[in-house]
Amino acid sequence: MTINILRSETIPLRTDEDVVRARRIVRDWTISMKFSLVDQTKLVTAVSELARNTVDHGGGGSALLEMLDDTIRRGIRLTFEDQGPGIPDIVLAMTDGYSSRGSLGLGLGGTKRLVNEFNLFSEPGKGTRVTIARWK
Ligand SMILES: Nc1ncnc2c1ncn2[C@@H]1O[C@H](COP(=O)(O)OP(=O)(O)O)[C@@H](O)[C@H]1O
Ligand SMILES: [Mg+2]
């Protein structure tokens, strides 16, 4: 199936303001695409968690925001990327309640449950890339 990219934007993720901006853009997109309020909240929550991880654990990076149309439905795909320390044990990092810093966020495991697609690639010493998508 062909996926058309209707719109795309790359934004830096270095500061708290960048995280706020990522949230705002994704919220605006979900509203313009008429996502339900519940789905808006799910996606914006996922953005908060992943953008924060990029800034806090990855030492900063970027987010690629894409509005998609696969001819049957529309969706939003988000790719968070950094060249930080990477994640040595992905299974452990995905475990609910695990944090290398003792924080109590929703975390990677919770974020996965908020979206339709979730892919995590990480290489220790090279960085981390997380791609999520939510279809309407
Ligand atoms: N972008 C990243 N770069 C390096 N490590 C990461 C990244 N994202 C997550 N991690 C690691 O995975 C762990 C789990 O992440 P998460 O579930 O979001 O918990 P939290 O952010 O509350 O620590 C983090 O504590 C951190 O060790
Ligand atoms: Mg986190």
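## Two packed helices

The crossing of H1 and H2 is right-handed. This comes from a predicted model. The two helices pack at an angle of about 155°, and their axes are 9 Å apart. An angle over 145° counts as roughly antiparallel, so H1 is roughly antiparallel to H2.

From H1 come Val 19, Ala 22, Arg 23, Val 26, Arg 27, Thr 30 and Ile 31. On the H2 side they meet Asp 39, Gln 40, Leu 43, Val 44, Val 47, Ser 48, Ala 51, Arg 52 and Val 55. An α-helix has 3.6 residues a turn, so residues three or four places apart point the same way.

## Helix H2

H2 runs over residues 37-56. Its length can be checked. At 1.5 Å a residue, its 20 residues should span 28 Å. The C-alpha atoms at its ends are 28 Å apart, so the model agrees with that expectation.

Which residues of H2 are buried? They are Leu 43, Ala 46, Val 47, Glu 49, Leu 50, Ala 51, Asn 53, Thr 54 and Val 55. Their cover includes two helices, H1 and H4 (107-112). It also includes the strands S1 (4-13), S2 (61-69), S3 and S5.

## The nonpolar core

The largest nonpolar core has 18 residues. Ala 22, Val 47, Leu 50 and Ala 51 have the most contacts inside it. Four elements each supply at least two of its residues: H1 (16-32), H2 (37-56), S3 (74-82) and S5 (127-135). H2 gives the largest share, with six residues.

Leaving aside neighbours within four places in sequence, Ala 51 is in contact with Leu 13, Val 19, Ala 22, Ala 63 and Phe 80.

Arg 129 is in strand S5. Is Arg 129 buried or exposed? It has 20 other C-beta atoms within 10 Å, so it is buried. Beyond its neighbours within four places in sequence, Arg 129 is in contact with Thr 79, Glu 81 and Phe 121. Arg 129 and Gly 86 are 43 residues apart in sequence, yet their C-alpha atoms are 9.0 Å apart in space.

Arg 134 is also in S5. Arg 134 is buried because 21 other C-beta atoms lie within 10 Å. Leaving aside neighbours within four places in sequence, its contacts are Asp 39, Lys 42, Leu 43, Gly 75, Ile 76, Val 115 and Asn 116. Arg 134 and Met 33 are separated by 101 residues in sequence and by 12 Å in space, C-alpha to C-alpha.

## Two exposed loop residues

Lys 34 sits in the loop between H1 and H2. Lys 34 has 10 C-beta neighbours inside 10 Å, so it counts as exposed. Its phi is near 60°, a positive value in a residue other than glycine. Lys 34 and Gly 84 are 50 residues apart along the chain, and 35 Å separates their C-alpha atoms.

Thr 71 lies in another loop, the one between S2 and S3. Thr 71 has 9 C-beta neighbours inside 10 Å and therefore counts as exposed. Phi of Thr 71 is near 80°, again positive in a residue other than glycine.

Notes:
Residues are numbered from 1 along each chain as its sequence is written. Chains are lettered from A and ligands numbered from 1 in the order in which they are written. This is a predicted model: local features need pLDDT of at least 70, side-chain atom pairs count only at pLDDT 80 or more; totals for chains, interfaces and linings use all residues. A nonpolar core is a set of buried Ala, Val, Leu, Ile, Met, Phe, Trp, Tyr and Cys residues joined through C-beta atoms within 7 Å. A residue is buried if 20 or more other C-beta atoms lie within 10 Å of its own, exposed if 12 or fewer, and partly exposed in between; C-beta atoms are placed from the backbone. Two residues are in contact if their C-beta atoms, placed from the backbone, lie within 7 Å. The expected span of a helix is 1.5 Å times one less than its number of residues. Axes are lines fitted to C-alpha atoms, for helices over the stretch in contact, and angles run from 0 to 180 degrees between N-to-C directions. Angles under 35 degrees count as roughly parallel, over 145 as roughly antiparallel, 65 to 115 as roughly perpendicular and the rest as oblique. A crossing is left-handed if the near helix is turned anticlockwise from the far one by less than a right angle, and right-handed if clockwise.
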